[in-house]
Amino acid sequence: MDTHTIDAADTPPSQSEEETPWLTAREQRMWRAHLEVAKLLEYQLSRELQPHNLAINDYEILVVLSEAPDRRMRMTDLATATLQSKSRLSHQITRMENAGLVLRQECPGDRRGLYAHLTEHGWETMQRVAPDHVRSVRAHFIDRFTPEQLDDMYQALSPVAEHLRGLRGKP
C-alpha cells in the first residue's frame, strides 16, 4: 500500500501536496513490514484452520462467544467485538448456524434483539481447535521474538490500539 498520492485530485481539500507529512524511508519500511506481516500471518493462520472447516473469522467468533457470560452475546455487541458490520456478521452467523456451531436466540424484552449463542458442538469445536491454533500462533509469531522483544512490541503497539479503540468510542 503506497502512501503517496499520485493524482492531485485525490488530495483532501484541507491539505495540499506540500503540507502532506510523507513517510520517511524508515517509516515506510516499518509500515510496509507491518502490513505484510499482518496479511501473511492472517493468511497462514487461516490456512491452518481449513482442516477444521473454519475460517479465521469463525474462529474469532468462537473465541469471543466462549469467553462471554453464558457463552452468548448480543449480535450488535458481537459485531462490535469482531469489527464486522451487522450484515456481514449476520451472514457469517447463518453459515455457523448451519454448521451447528452457534444458535440465534431472541433477547427477552427486546423483540428486535438477538443473541448469538455458542452451541455444545461449537464449544467442543473450540476446545478441539484451540490447541492447534495456539501452536500456530506460537510457531508463526510469538516464538519469532525474544521475551524482551515481546515486551517491546506490546509497549509499541498498545498506544496504537488504545488510540484506535478511542476513535471507535471503545476504551
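Colleague: Glutamate 97: buried, partly exposed or exposed?

Modeller: Glutamate 97 is partly exposed, at 29% relative accessibility. The cut-offs: buried is under 20% relative accessible area, exposed is over 50%, and partly exposed is in between, with a 1.4 Å probe and protein chains only.

Colleague: What sort of model is this, and how are residues numbered?

Modeller: It is a predicted model, where local features need pLDDT of at least 70 and side-chain atom pairs count only at pLDDT 80 or more, while totals for chains, interfaces and linings use all residues. Numbering runs from 1 along each chain as its sequence is written, and side-chain values use heavy atoms, with hydrogens and water left out.

Colleague: Back to glutamate 97. Which residue forms a salt bridge with it?

Modeller: Arginine 104 does. The closest N and O atoms are 3.0 Å apart. The rule asks for a side-chain nitrogen of Lys or Arg within 4 Å of a carboxyl oxygen of Asp or Glu.

Colleague: How many salt bridges does that rule give?

Modeller: The count is 3 salt bridges. One of them joins arginine 135 and aspartate 132, at 2.5 Å from N to O. Another joins aspartate 143 and arginine 138, with the closest N and O atoms 3.0 Å apart.

Colleague: Where do arginine 135 and aspartate 132 lie?

Modeller: Both are in helix H5, residues 120-140. They are 3 residues apart, about one turn of the helix. Helices here are DSSP runs of H or I with at least four residues, strands are E runs of at least two, and both are numbered from the N terminus.

Colleague: How exposed is arginine 135?

Modeller: Arginine 135 counts as exposed, because its relative accessible area is 52%.

Colleague: Switching to rings. How many aromatic pairs?

Modeller: The count is 1 aromatic pair. Phenylalanine 141 and phenylalanine 145 have ring centres 5.2 Å apart and planes at 70°, so the pair is edge-to-face. The rule takes rings of Phe, Tyr and Trp (its six-membered ring) with centres within 6.5 Å; planes under 30 degrees apart are stacked, over 60 edge-to-face, the rest tilted.

Colleague: Which rings have an arginine over them?

Modeller: The charged end of arginine 71 sits over the ring of tryptophan 123, 3.7 Å from its centre. The charged end of arginine 72 sits over the ring of tyrosine 115, at 4.0 Å from the centre. The test is NZ of Lys or CZ of Arg within 6 Å of the ring centre and within 35 degrees of the ring normal.

Colleague: OK, strands. What does S3 pair with?

Modeller: S1 (residues 72-74) pairs with S3 (residues 110-118) in the antiparallel sense over 3 bridges. S2 (residues 102-107) also pairs with S3 in the antiparallel sense, over 6 bridges. Strands pair if DSSP finds at least two bridges between them.

Colleague: Which residues stand opposite each other?

Modeller: Methionine 73 stands opposite alanine 116 in S3. Glutamate 106 has leucine 114 in S3 as its bridge partner.

Colleague: What happens at the turn of the S2 and S3 hairpin?

Modeller: The hairpin has 2 residues between the strands, and glycine 109 takes a positive phi near 80°.

Colleague: Which residues have a positive phi without being glycine?

Modeller: Aspartate 70, at about 60°, and leucine 83, at about 55°. Most residues other than glycine have a negative phi.

Colleague: Where do they lie?

Modeller: Aspartate 70 is in the loop between helix H2 (56-67) and S1. Leucine 83 is in the loop between helix H3 (75-81) and helix H4 (86-98). Aspartate 70 is exposed, at 61%. Leucine 83 is exposed too, with 61%.

Colleague: Last one. What is the overall layout?

Modeller: The chain has 6 helices and 3 strands. Along the sequence they follow α-α-β-α-α-β-β-α-α. Of the 171 residues, 26% count as buried.
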